[in-house]
Protein chains: 2
Amino acid sequence: MFHALSDATRRAVVERLAQGPASVSTLAEPFAMSLPAVVQHLGVLERAGVVVSEKTGRVRTYRLVPDGTADARTWLDRHRLAPERRLDRLTEHVRGG
Amino acid sequence: MFHALSDATRRAVVERLAQGPASVSTLAEPFAMSLPAVVQHLGVLERAGVVVSEKTGRVRTYRLVPDGTADARTWLDRHRLAPERRLDRLTEHVRGG
């Protein structure tokens, strides 16, 4: 997952897909890159569970997996300094009550 | 940042440092790895702003940067599907009011 997001092109693709599904050619447009290169990046994101694709006729459309980056967010959240996590819990407690 | 966290050894180091500061040799202990290899991993984490180190006498101690992974968390949070973000805001609104 972190590997999938360690590439600037792949992060740009995720940023675009956060707006909604898009075809390979739409996704390739902003990049000075061959279609196969973009398809390869999309493959990395798909294997990491960040995106899924669907083929209709000759057009393959990609979309973000709902909460596909949840594992990464959970990991980052869990492995912060203990005092910060405690402070967050306190803040939530104060807000909640 | 995502690159720094894309390696299992480096993530294990971050998990250990979330418990508190540690010396290079303490950090190297769980890994079947040479000290220089561990130091190299720590260098990647340090350049990414995830950890900092301090040398006292002959011992170099590493610690997590407070909220050093905030950028990654913010990015992941921002680039989820729009409906999920809206749902989160609604949940917060309902909890808050």
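Trainee: What makes the three strands of chain A a sheet, and in which order do they lie?

Mentor: The order in chain A is β1-β3-β2, in an open sheet with antiparallel pairing. Strands here are DSSP runs (E, at least two residues; helices are H or I, at least four), numbered from the N terminus. Two strands count as paired if DSSP finds at least two bridges between them. β2(A) and β3(A), residues 59–64, have six bridges, and β1(A) and β3(A) have two; both pairs therefore meet the requirement of at least two. This is a predicted model, in which local features need pLDDT of at least 70 and side-chain atom pairs count only at pLDDT 80 or more, while totals for chains, interfaces and linings use all residues. Residues are numbered from 1 along each chain as its sequence is written, chains are lettered from A and ligands numbered from 1 in the order in which they are written, and side-chain values use heavy atoms, with hydrogens and water left out.

Trainee: How do you know that chain A and chain B touch, and how many residues take part?

Mentor: Contact means heavy atoms within 4.5 Å. By that rule, 25 residues of chain A are in contact with 25 residues of chain B. The two chains bury about 2300 Å² between them, 65% of it on carbon and sulfur atoms. Buried area is the accessible area (1.4 Å probe) that two parts lose on being put together, so the value is summed over both chains. F2(A), W75(A) and L76(A) supply 24% of the area on the chain A side, more than any other three residues.

Trainee: Why is the pair R73(A) and D77(B) called a salt bridge?

Mentor: A salt bridge requires a side-chain nitrogen of Lys or Arg within 4 Å of a carboxyl oxygen of Asp or Glu. The side chains of R73(A) and D77(B) have N to O at 3.7 Å, which is within 4 Å, so the pair qualifies. The count between chain A and chain B is four salt bridges. There are also four residue pairs in polar contact, both residues at pLDDT 80 or more. A polar contact is a pair of N or O atoms within 3.5 Å; within protein, one must be able to donate a hydrogen and the other to accept it, and residues adjacent in sequence count only if both atoms are side-chain atoms.

Trainee: Which elements of chain A give two or more residues to the side that touches chain B?

Mentor: They are α1 (8–17), α4 (70–78) and α5 (82–96) of chain A. α4(A) gives the most, with five residues. By class, this side of chain A has 13 nonpolar, four polar and eight charged residues. Ala, Val, Leu, Ile, Met, Phe, Trp, Tyr, Cys and Pro count as nonpolar, Asp, Glu, Lys and Arg as charged, and the others, Gly among them, as polar.

Trainee: What are the domains of chain A, and where do their bounds come from?

Mentor: Domain 1 is 1–65 and domain 2 is 67–97; such bounds come from an automatic or database domain assignment. Six residues of domain 1 are in contact with six residues of domain 2. The domains bury about 450 Å² between them, 79% of it on carbon and sulfur atoms. M1(A), F2(A) and V65(A) supply 80% of the area that domain 1 buries against domain 2.

Trainee: How many salt bridges and polar contacts join the two domains of chain A?

Mentor: The salt-bridge count is zero, and the rule finds two residue pairs in polar contact. The side of domain 1 that touches domain 2 has five nonpolar, one polar and no charged residues. A salt bridge needs Lys or Arg on one side and Asp or Glu on the other, so a side with no charged residues cannot supply one.
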